Each structure stands twice: as C-alpha cells, then as structure tokens.
Amino acid sequence: MNPEQKIKELQNAWANSMGIWIDPKGYVRDAETNLRRPLSACALKGFSRGAGSELAGHMKALHSSSALVANFFDYWTGNDKNGLLSALEIDECNAESLEFEAQFPTGLGGTPPHLDVAIAISSGAVIGIESKFTEHMTRSTRGKSKFEPSYFPHSGGLWAGVELSECQGLAEELHDRRHKFEYLDPWQLLKHALGLATQLHDQFSLYYLYYDYPGERSETHKREIWSFANRVGEEVRFKALSYQEAFGRLGALVRTDADYLDYIDYLGARYFPPT
C-alpha cells in the first residue's frame, strides 16, 4: 500500500472513532466537521479568497491539506505566537500577524501563487510557508515542466531580475528537463520564491512544511529537498521540516490553558498518533 492510501485509511479510522460520517471518497458532510474549531475570521477571509475552492469542497476531505493547515495554524491567530515560532524553528521572538492563502504576485498576469501561510515577524520580514499533506507522495512531477512560457520572456530572466540567480538557473534546467524531481514540486516553490522576492525583495524566508510517512518515497523526497536546498536554499533562506517535528516541539511547550491542551490532544489523536 502506498503511503498516501495509508494516510487516508488512518484518517478514516480517526473519523470512525469519532462517530463522523464519511462518504466512500473520504469526505465528511461539511468543512466544519473536518476542523477542530470553526475557522477564525482571519482564516475564513484567507480561505474564502483563495483560488483552490477549499471551503466549497476540498476542505471536506479528511485528507485535505487545507484542513491540516487550518487545524495546525488557526489556533495561533488569537494567541501569542511565540510557541508556533519555536515549533517552526523561526529565530524571532515576535510575530506581527498570520495570514492564510497569502498572495505574493510575481508581476505576471493570471492568478498569483498562493502560499498556505504567511507569518509577518517583528523584523519586518515574512515567513512564507508551503504545506503538504499527501500531495508529495505520488510521482506527479516526473518528466514534466510546470512553467508557463510567460516565465521565460525574451527580455530576460524573471528570477535573475529580482536577484535570484540560482533560482533562475534551476528554473531553466527544470524547464528544459535537464533536472528532474519525482516527489518534490520545485516549480511551485520557485514560483513562490519569485512572488516573495518581487514583493519583498530579500525580506522573506521560504519554508516547506510536509507530513512525513516512513518508506522509500519519504527518503527520496528528503533527498530531493536536500538537493533543492543545496541549490537555492541560501538565496531564498529556505528551510524544510516535517509536521511531526513541529508537533513534537509544540507538545514539549509548557502551557496549561484548556484550549491549548485540547488543541494538542486533537492534533495528536488525528494526525500524530503513537506508532
């Protein structure tokens, strides 16, 4: 059984243990059923304007990446975010705001890339977070180019124009199929980097937060993360970590308020059960 299917089965088992109705495709009746708490005003605003039709359908899937993002991050919209920064290994002591489905236009036409989460920190920089639940567990990227022709205008390189020369080189190699990835989606990450640099110059970091599952695919995925980071990581201040690592640090925080304990218990039971 592939890891994507295994995770879906584990999510179904969690829903059954909670008495939640699910259809044969792993969808619940409504998005609220799939969330620990109803979305905050901040999260509702973000997911409503997003391009992925999350509230209309995708967020009802037990394996929904947007539901994972909401369940993991939305608790922090109304609370001190120092614990979240610590869990994500962000070396800052204060977060100014947290935004869902954040848009940083690249300067090209069409729908701009949507980052799952953007955290504005006290230094004035932004931490852009791309999240993955099961999407990275299939070989959907092999041998394909996911750059539209507009990303390579005759007037010059878009990434080079915002001082991302290493990103420019990797983008060209991917476009010409000289460099291939099986599980990591470098095209999406490079588009995010372009949008962040276009809007913020060098005042950003790009984070990749993924749900891990042991096996050959996971090891290949990690090697590809290392390859991407080794190539462009310094340029975009790239950091990758698993949800499991972040949750472990959250669980180690000393907090006693009832809502935090409920938050940790919910995440642990649903996404990070003991193995």
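Strand 3 and strand 4 (residues 204-210) pair in the parallel sense over 7 bridges; two strands pair if DSSP finds at least two bridges between them. Helices (H or I, at least four residues) and strands (E, at least two) are DSSP runs, numbered from the N terminus. This is a predicted model, in which local features need pLDDT of at least 70 and side-chain atom pairs count only at pLDDT 80 or more, while totals for chains, interfaces and linings use all residues. Residues are numbered from 1 along each chain as its sequence is written, and side-chain values use heavy atoms, with hydrogens and water left out.

- Strand 2 runs antiparallel to strand 3, joined by 4 bridges, and Val117 stands opposite Ile129.
- The hairpin of strand 2 and strand 3 has 4 residues between the strands, and Gly124 there takes a positive phi near 100 degrees.
- On the strand 4 side, Glu130 stands opposite Tyr208.

**Asp116**

- Asp116 lies in strand 2 (residues 114-121).
- Asp116 is buried yet has no salt bridge, and the nearest side chain of opposite charge, Lys132, is 6.2 Å away; a salt bridge needs a side-chain nitrogen of Lys or Arg within 4 Å of a carboxyl oxygen of Asp or Glu.
- A polar atom of the Asp116 side chain lies 2.7 Å from the backbone nitrogen of Ser131.
- Leaving aside neighbours within four places in sequence, Asp116 is in contact (heavy atoms within 4.5 Å) with residues including Val69, Phe100 and Ile129.

**Nonpolar cores**

- The largest nonpolar core has 51 residues, and Ile119 and Ile129 are among those with the most contacts inside it; such a core is a set of buried Ala, Val, Leu, Ile, Met, Phe, Trp, Tyr and Cys residues joined through side-chain atoms within 4.5 Å.
- Helix 3 (residues 65-73) gives the largest share of this core, 6 residues.
- A second, separate core of 32 residues includes Leu115, Phe147, Leu196 and Phe238.

**His221**

- His221 sits in helix 8 (residues 216-236) and counts as buried because its relative accessibility is 2%.
- The side chains of His221 and Tyr208 are joined by a polar contact of 2.8 Å.

Notes: Buried < 20%, exposed > 50% of the residue type's maximum accessible area, 1.4 Å probe, protein only. Lys, Arg positive; Asp, Glu negative; His and termini not counted. Polar contact = N/O pair within 3.5 Å; in protein donor to acceptor, adjacent residues only side chain to side chain.
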